[in-house]
Amino acid sequence: MEHRLNARNRTITTIVFIAVATILVVPSVQAQTAAVQTEARCTIAKTNLAERLAVIEKTRSAHASVHSDIQAKVDSLITSATTKEYNQISALTTAQASVQKNIDTYSAKVVAYTNTLKTASTIDCSKALATLDPAIKAARTSLTETNTAAATVRKSITEQTIPAIKAYAAWLATQNTTPTTGTTE
Amino acid sequence: MNPPNNYNQPISPEDDAMLQAIEALEAQTVDPDPKPLVPETPVTPAPVVVTPAPEPIPTPVITPAPVPTPLPVIEPTPIITEAPTAPTTPEPATKPTDPSSAIAAALARGPETTTPKSTYQPFPKKKLGKKPLLIILAIILVAGLGVGGYFGWQYLQSQKTSPIVNGIDTSVPDEDPGLPEDSEASVNSTASDIENQVNSIDETEYKDETLSDAALYE
């Protein structure tokens, strides 16, 4: 009887031991495996973020050139309209100021976005692995804002500047047909 | 012996002795009873050409001209004179009584005097003035100005061609944008240009997909 009890206790002890060992050991092994995978992913992400940063720098430069060229053309038209005493010149100047404001906002957003990309792409994957996800999250937020700002610039040019220029052209047409000029409000 | 055209150099003792002998000879020519210049029987020791001129010293040292040893005054009458500065030279057995003998004697004593080194300088040193220094300084100055001007020009050019401020290209296009704004057509053309430029702006790089997991971890 006593022998049977001892055998049962031994069995229970063995089961408990195996259970405890499973609880303690397996998660640590799993965690170690997960850490290695994350570090590898971090390295890949850093490489892609660095490439993205280079692309964004090029895009920003190209956009800045186009914006500058458009604003120069509008400047020239405003000068011409002033000389001709165009009565709706405020439409042109307002559109130009609005576009310039949006361009400035867009430029600031792009700078912020590139900074987040720089931060994320320089994380030390072996030491600061936990900072990668927040950095990527911040970069994504900044990217959305930049995209919105770029769309706003486009919209302001399309909906304000171009109509104002066409209105000026129409006014010029009326001036050519009626050379006596007259500022029709 | 010194070259004949080097009059600025001090006279060597040999030359001096020769000159004095010649002067004495000239003095004798006014003698009412001149003796023949050249005796009937040639006197062998007269020229004493045997005494070679001292070789020029390689490293000439400018030393004060030595006081020439006074030579014996040759009297027209045969008076025996003593050489005042010839203590080491034994007196000749018989004093010369004629001018040629006197010349010979004087010349013979020439080398015996304590003649210092010859002061003849075959290649006299010339002191360098300030002129070369000024020329070198002028060359350095001109070269410095040239190099400085070159780099200054480069710097100015680089300033003109880098108008990117805070990451934004602030340059104004050189060409006049668009057509003249005097006509409706030109203004409409400008509007079309701007429209095309806006449409050409590529914003795909700002799409959210560019930072998706698939894009980052692939």
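In helix H4(B), four residues are buried: B:Val187, B:Thr190, B:Ala191 and B:Ile194. The model is a predicted one. Viewed down the axis of H4(B), the buried residues fall within an arc of 100 degrees, so they line one face of the helix. An α-helix has 3.6 residues a turn, so residues three or four places apart point the same way. The other side of H4(B) carries exposed residues, namely B:Asn196, B:Asn199 and B:Ser200. H4(B) is 17 residues in length. From first to last C-alpha, H4(B) reaches 24 Å, close to the 24 Å expected at 1.5 Å a residue.

The contact between the chains draws on 44 residues of chain A and 32 residues of chain B. On the chain B side, the elements giving two or more residues are strand E2 (168–169), helix H4 (184–200) and helix H5 (213–217). H4(B) provides the largest share of that side, ten residues. By class, the side of chain B that touches chain A comprises 14 nonpolar, nine polar and nine charged residues.

Chain A contains three helices and zero strands. Its elements run α-α-α from the N terminus on. Of the 185 residues in chain A, 29% are buried. Among the contacts in chain A with a separation of 6 or more, 77% come from residues 24 or more positions apart.

Terms used
Residues numbered from 1 in each chain as written. Chains lettered and ligands numbered in written order. Predicted model: local features only at pLDDT ≥ 70, side-chain atom pairs only at ≥ 80, totals over all residues. Contact = placed C-beta atoms within 7 Å. Nonpolar A, V, L, I, M, F, W, Y, C, P; charged D, E, K, R; others polar. Expected span 1.5 Å × (residues − 1). Buried ≥ 20, exposed ≤ 12 C-beta atoms within 10 Å, placed from the backbone. Arc of directions from axis to C-beta.
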